[in-house]
Amino acid sequence: MNNTREIKFESPSFYQRLRGMLGVDFYRLFHTPLYYIFLAIAAIIPAMILGMTTVEGGAPLYSNTWNIVAADTPLYVFNEIGEYANMNMVFIFGGIMVSIFIGHDYGSGYVKQLFTSHPKKQDYMLSKTITCAFSMACMCVTYLIGGVTAGLFTGADMTVNVGSLIIAILGKMVMSLGWASLYTFLNVIFRKYFGISIASSFFFGTGILIIGAAAVIGNSSSALLNIFLYGSSVNACLSSNIFTLIICVLVSVGWTLVYNLLGTLVLSKSDVY
Amino acid sequence: MDAIVIRNLSKSFGQKQAVSGLNMTVPAGAIYGFIGENGSGKSTTEKMICGLIPKSEGSIRIFGNDHTDAKVRAGIGVLIEAPGCFPGLTVWNNMMLQATNLGLENAEEQVRATLKLVRMEGSASNKYKNCSLGMKQRIGIAMALLGDPKLLVLDEPLNGLDADGMRIMREVLTDIVKDGEHTVLISSHLLPELQKIATHYGIIRHGRMIREMTAEELSEDCPTFVALRAADMRRARSVLNLHYARVEEDIEREYLRVYDAESPEEVVKHLYDNSVTVSELFTERIGLEEYYINLMEGRK
């Protein structure tokens with residue numbers, strides 16, 4: 001020990017830290033079957049809904065193929081399941097996927113490696129949010145492919161305002177960021193209780209609180225609910241315009257900041273086991 | 001410069017005080033054996049060093065910097081309890097994941113070299129969940145070694161290792177600290193194994209450091225004794241009690257120990273003079289394990 005020299009350390013920049021953390025999350029995402037299973041589920045579900053409801057003898061759920069993506073108008077209160085079952089379902093699948101994804105971090109003990117080399121907890125929140133938002137955005141794409149393919153096979157009506165359709169799809173993809181931050185936050189809170197993590201993600205993902213609130217205040221006044229994630233997700237519909245997309249961006253980014261700050265605070269005060 | 005300097009460190013979980021006013025100094029370049037009974041606060045201290053649990057009070061400095069500093073934390077390799085690996089991924093993928101986490105430039109090359117170091121290169125394609133306990137420990141050590149960390153924090157790394165695994169571990173750790181730039185903090189209940197490599201020791205009890213010493217100081221504190229086995233052990237003991245102040249019986253190994261003899265020849269002479277035949281005789285120094293047990297039981 002007589003040859004001990006002074007040791008210099010280099011402080012990693014924010015970019016280096018985030019790159020390392022994102023590298024881990026994307027590596028895991030692409031190397032686990034879970035991601036591909038959920039992409040497949042996102043593709044199969046709209047195809048099944050569209051295929052089954054149009055080949056049955058009764059009235060079809062949708063008069064138009066694109067209703068599998070979004071309703072014609074923002075329907076915060078819905079009368080039948082067809083008005084609810086659209087691309088917003090991706091956020092429910094996404095919630096379950098995020099719970100499993102983050103649950104594995106804690107279940108495997110890998111967080112010990114992560115938090116030893118990454119002391120800044122916002123790196124974790126940010127990285128998980130970005131990775132999970134990416135996976136949900138990918139699910140939106142496979143959902144679209146599944147829905148359109150089924151629509152083509154069943155010969156359902158394809159008439160649509162293309163601009164509004166693109167905005168609706170983009171709006172929902174943008175909302176993935178906000179939803180991912182919510183699920184990351186929930187899973188950080190319930191990190192020791194995997195079952196509760198999944199249940200809470202499912203609960204919030206269904207938007208049941210917003211639907212309940214909309215039922216009380218009525219559809220006409222429900223635009224106020226657009227400040228919430230589910231509200232904005234519903235607002236991205238087949239009559240959307242550029243303002244709809246702007247609202248989606250603002251709401252999604254706003255909630256992402258809130259949930260990331262809260263999650264960072266929770267993690268900073270928590271023990272890692 | 002010291003690798004770790006801890007002052008007045010405390011941690012409580014609700015009403016339970018896990019660590020209480022702990023002081024600890026780990027010199028750079030040391031292999032520091034961190035010893036204590038179950039629940040004494042070893043793992044809690046190690047987790048606080050790594051930033052996995054926030055401290056209640058006190059300070060932890062690593063190479064002169066606060067332990068929460070991102071730049072020093074990037075230079076710590078850990079194996080706390082069990083390796084944090086994803087069971088469904090292969091050994092190689094788990095290692096690559098850690099290399100990515102550390103932002104290593106030549107990740108594949110480093111992973112290959114580290115796996116070779118712990119003799120796991122042939123099992124790289126195995127799924128982690130299919131590995132044996134000993135293999136998992138080696139993978140955990142390999143993960144901790146990735147990126148050439150300046151400080152290694154290893155909590156019970158010897159658990160589950162076979163004789164060959166322990167030998168490899170000893171070689172790896174002693175090689176690492178040779179340059180004086182690397183430091184190892186290692187806790188283990190396998191004290192004879194620890195004694196083969198540790199240069200410094202810290203003994204913790206009820207969350208407090210009760211003794212810190214170098215290997216040389218331990219050696220000075222561990223007396224040598226003459227051990228013998230005689231045909232008539234009872235008679236041998238009564239003869240030796242007449243000449244020596246400290247004669248003890250090692251019940252487990254069926255030896256008599258004479259601590260204050262000048263030489264083995266002198267002991268044999270006393271027994272021979274009293275017609276006691278000696279069948280086995282050797283000198284030995286008490287080990288870390290016995291030293292530790294004596295300390296815990298309040299014996300000198």
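Which residue in strand 8 of chain B is the bridge partner of Gly33(B)? The partner is Ile186(B). This is a predicted model: local features need pLDDT of at least 70, side-chain atom pairs count only at pLDDT 80 or more, and totals for chains, interfaces and linings use all residues. Residues are numbered from 1 along each chain as its sequence is written, while chains are lettered from A and ligands numbered from 1 in the order in which they are written.

**The sheet in chain B**

Strand 3 (31-35) and strand 8 (183-187) of chain B run parallel, joined by 4 bridges. Strands are DSSP runs of E, at least two residues; helices are runs of H or I, at least four; both are numbered from the N terminus. Two strands pair if DSSP finds at least two bridges between them. In chain B, 6 strands form an open sheet with mixed pairing, in the order 6-7-8-3-9-10. Strand 6 (76-79) and strand 10 (208-214) of chain B each have a single partner strand, so one side of each is left without a neighbour in the sheet.

**Contacts**

Chain B is divided into domain 1 (2-213) and domain 2 (222-296), with bounds from an automatic or database domain assignment. Their centres, taken over C-alpha atoms, are 40 Å apart.
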